[in-house]
Amino acid sequence: MKDSPESASQDDHAEGHPVSTADDLAQVLRLRIQRSELLPDEWLREAKLCSEFGVGRSIVRRALRTLADDGLIELEENRGARVSTTTVEEVFDLYEVRAALYGLAARFACLRGSDAAIRHMLVNIDRLLSDAASGAPAEQIIEVSEAIFSEMAESASTDAQKMIESVRRKTRFHFSYVALALTADSPGPYEYWRQVRAALVTRDADKASQAARDILYYMQGEVARIMLTRGTRVRADAPLPRPVPPIKRRAAGNRR
């Protein structure tokens with residue numbers, strides 16, 4: 001599988017390659033947040049970042065603005081930037097939106113994808129299932145799954161692709177929780193991936209869309225559960241949404 005530009009960039013920065021632009025710095029800090037190397041409510045001081053990465057304040061400020069746009073940090077006037085403390089509701093809502101968009105991506109792949117594109121998706125799904133069966137690191141499985149959804153999204157309109165990428169940037173913050181969910185003692189989302197594969201083969205847009213959403217619904221419930229187990233805060237003014245069990249959503253899809 002050809003690595004996506006995003007995953008290649010992550011690997012480069014993870015290996016300690018020089019930081020020279022605001023995008024470079026934003027990516028390094030994004031990874032640190034995802035890996036819990038920077039904790040919620042931790043302050044990110046401009047002077048310290050300038051010294052650590054050898055860049056000017058303008059680069060640091062643009063990088064921090066990017067992370068603020070992603071929802072990963074909060075910028076406070078006269079105080080600086082600190083890592084966001086995300087509520088369970090916020091994560092739940094992001095996955096709800098992501099499920100809808102990924103369902104659309106799978107539908108468009110069936111309706112518009114070339115035969116060559118479909119074959120490449122099938123190869124990558126087989127790779128994902130093989131990696132999962134062999135006990136590959138969760139991060140590796142996540143990257144393959146993201147690459148597959150990127151391929152599906154290529155059949156969508158430019159506007160739809162922008163929406164998918166925007167939600168993806170925000171939910172990547174929670175991949176540390178996703179990794180825990182994928183390594184938990186549970187069947188995981190892989191049966192839904194098999195359903196996606198079967199639907200792509202027959203170009204059944206409805207079934208592919210439902211199965212793609214079910215992958216995200218599964219992760220939505222698992223991430224919320226893990227966050228609550230870890231004591232992540234819940235907004236005081238709203239009850240915790242209850243994830244709909246994926247098996248029920250799948251049954252509804254089969255009746256169409």
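## A charge over a ring

The charged end of Arg112 sits over the ring of Phe108, 4.2 Å from the ring centre. A charge sits over a ring if NZ of Lys or CZ of Arg is within 6 Å of the ring centre and within 35 degrees of the ring normal.

## Basis of the model

This is a predicted model: local features need pLDDT of at least 70, side-chain atom pairs count only at pLDDT 80 or more, and totals for chains, interfaces and linings use all residues. Residues are numbered from 1 along each chain as its sequence is written, and side-chain values use heavy atoms, with hydrogens and water left out.

## Tyr102 and Phe149

Two aromatic pairs turn up in a search of the whole structure. Rings of Phe, Tyr and Trp (its six-membered ring) pair if their centres lie within 6.5 Å; planes under 30 degrees apart count as stacked, over 60 as edge-to-face and the rest as tilted. The ring centres of Tyr102 and Phe149 are 4.0 Å apart, with planes at 35°, so this pair is tilted.

Tyr102 belongs to helix α5 (residues 88–112) and Phe149 to helix α7 (residues 138–153), so the pair ties together parts 47 residues apart in sequence. Helices are DSSP runs (H or I, at least four residues), numbered from the N terminus.

## Phe149 and Trp193

Phe149 also pairs with Trp193: tilted, 5.3 Å centre to centre, 45° between the planes. Trp193 lies in helix α10 (residues 190–202) and Phe149 in helix α7, so this pair ties together parts 44 residues apart in sequence.

## Cluster and burial

Tyr102, Phe149 and Trp193 form one aromatic cluster. Tyr102 is buried at 2% relative accessibility. Phe149 is buried at 3%. Trp193 is buried too. Buried means under 20% relative accessible area (1.4 Å probe, protein chains only).

Conventions
Helices (H or I, at least four residues) and strands (E, at least two) are DSSP runs, numbered from the N terminus. Buried means under 20% relative accessible area, exposed over 50%, partly exposed in between (1.4 Å probe, protein chains only).
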